[in-house]
Amino acid sequence: MEEEIKTIEKNKTWKLVDRPKDKEIIGVKWVYKTKFNPDGSIQKHKARLVAKGYSQQPGIDFNETFAPVARLDTIRALVALAVQKKWKIYQLDVKSAFLNGELEEEIYVEQPQGFIEQGGENKALKLKKALHGLKQAPRAWNSRIDKYFINAGFRRSKSEPTLYSKTQGKSDILIVSLYVDDLICTRNNEKIIQEFKKDMMKTFEMSDLGLMHYFLGIEINQEEDGIFICQKKYTENLLKKFKMYGCKTVATPLITNEKLRKEDGSSKANESVYRSLIGSLLYLTTTRPDIMYATSLLSRFMQNPSQIHYGAAKRILRYLQGTIDYGIWYKPITDPRLFGYTDSDWAGSVDDMKSTSGYAFTIGSGIFSWSSKKQETVALSSAEAEYVAAASSACQAIWLKRIFEDMGERQIETTEILCDNKSAIAMAKNPVFHSKTKHIAIKHHFLREVSANKEVELKYCKTEEQIADIFTKALPRPKFELLRSMLGVTQMCIKEEC
């Protein structure tokens with residue numbers, strides 16, 4: 001507690017003043033937090049002073065509260081690029097980040113318990129900078145760090161507001177991605193990154209964590225022959241939380257040809273437990289695309305889950321027990337280029353007959369962007385379902401091209417998206433309007449425009465080579481394991497065993 005108060009006072013966060021008569025005083029409380037190492041051991045205990053932000057009134061105590069955070073697709077894209085360039089990724093942590101945010105509003109808080117000024121018991125603290133718990137604290141911090149980066153010569157990405165890049169000379173580049181108070185950075189010049197770290201530590205109180213090993217629950221192993229990302233510790237804790245650690249394993253996360261529906265006649269499951277399980281599994285898909293379809297499918301029943309749905313969710317845990325140390329390997333290749341896969345099932349949802357779209361993108365080794373999502377409308381044919389899925393993947397392809405350009409790796413050539421439906425490819429190339437296409441929503445015809453502009457090109461691939469098939473349906477074991485390996489999902493290779 002004394003450490004926290006010293007940090008706050010050193011940062012000149014507040015000023016002791018007479019209590020205002022026309023302003024509400026916001027209360028504060030102490031919160032205690034334990035920080036863990038990646039292996040589960042305790043790193044340190046921390047006390048944090050938090051404002052009772054729930055008592056703030058909009059328009060009086062705060063206005064805007066939104067603050068962007070990095071997309072996980074961006075983080076993985078940065079990892080994939082660093083592997084191809086043979087760069088190392090470093091991590092920095094800002095201590096008490098929110099205390100650096102400068103406030104625009106006039107806010108007063110109570111003096112914290114145990115640290116009330118003697119002789120000033122009736123006074124309050126006027127905040128100059130943000131305090132944890134305030135609704136606008138994340139936005140204030142983001143504005144502060146953004147201002148620092150811009151003044152330091154960085155260029156902010158228009159497509160990803162938490163991605164910054166700085167170039168020096170013709171080829172030297174430094175890339176920084178920000179997730180609240182965690183920063184990851186990579187470069188092609190060691191001198192640039194050392195200067196960046198030195199300047200950051202001069203401006204903010206920071207910890208230099210060295211090479212990135214643990215970030216947002218993701219374990220990162222940076223080896224000479226590539227980078228392996230996984231969530232082994234998170235998976236173990238998840239299995240223990242739901243009392244499935246050490247359970248009997250299964251080979252696939254879903255039973256082939258089993259159709260799940262909202263009303264299946266079975267008794268109701270505990271909604272709270274089910275939602276907690278599905279939410280935990282959704283976060284695990286950060287490094288486990290092989291459970292993406294299964295988790296996405298089960299998330300459709302969170303409103304009213306049954307015992308059959310809960311049993312299917314527990315099957316995913318059984319699958320994870322047998323693949324607990326799996327993750328994604330990113331390895332350097334000779335000719336990296338951005339390309340993707342798109343696929344769709346047709347009328348896979350029994351309840352509303354809607355189809356499921358799936359896509360996956362890679363630059364040659366391990367996928368870094370993927371999706372499995374139910375379509376918004378009913379498709380009247382398999383070709384229409386594939387066309388709608390391809391339009392969605394084209395949008396993602398264009399966004400990824402812009403992200404890579406912001407990271408100094410411009411994709412000049414047309415981005416290929418592999419599709420296993422010739423009719424959908426023909427519809428994208430030719431503006432044919434007849435009874436089978438005239439009803440398709442205009443937004444999906446965006447695919448034709450980007451195809452005509454040579455930004456994206458749909459190309460045919462065999463169904464057996466369609467990686468995105470794993471994101472659209474439950475597959476039999478041989479095909480599932482084949483596509484899983486094609487995704488780049490595998491066990492980490494221990495050097496002694498390689």
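**Reading helix packing, a sheet and backbone angles**

Q: At what angle do helix α9 and helix α10 pack?
A: Helix α9 (residues 382-406) and helix α10 (residues 422-429) pack at about 60°, and their axes are 8 Å apart. That angle makes α9 oblique to α10. Angles under 35 degrees count as roughly parallel, over 145 as roughly antiparallel, 65 to 115 as roughly perpendicular and the rest as oblique. This is a predicted model, in which local features need pLDDT of at least 70 and side-chain atom pairs count only at pLDDT 80 or more, while totals for chains, interfaces and linings use all residues. Residues are numbered from 1 along each chain as its sequence is written, and side-chain values use heavy atoms, without hydrogens and water.

Q: Which residues in α9 meet α10?
A: Contact means heavy atoms within 4.5 Å. Ala 383, Glu 386 and Tyr 387 in α9 meet Ser 423, Ala 424, Met 427 and Ala 428 in α10.

Q: What is the order of the strands in the open sheet?
A: Strands of a sheet pair through backbone hydrogen bonds, either parallel or antiparallel. Two strands pair if DSSP finds at least two bridges between them. Here five strands follow the order β13-β14-β15-β16-β22, with antiparallel pairing. β13 (214-215) and β22 (489-491) each have a single partner strand, so one side of each lacks a neighbour in the sheet. Strands β14 (residues 218-223) and β15 (residues 226-230) are joined by five bridges.

Q: Is Asn 257 buried or exposed?
A: Buried means under 20% relative accessible area, exposed over 50%, partly exposed in between (1.4 Å probe, protein chains only). Asn 257 counts as exposed because its relative accessibility is 68%. Asn 257 is not a glycine, yet has a positive phi of about 70°.

Notes. Axes fitted to C-alpha atoms, helices over the stretch in contact; angles between N-to-C directions. Helix = DSSP H or I, 4+ residues; strand = E, 2+ residues; numbered from the N terminus.
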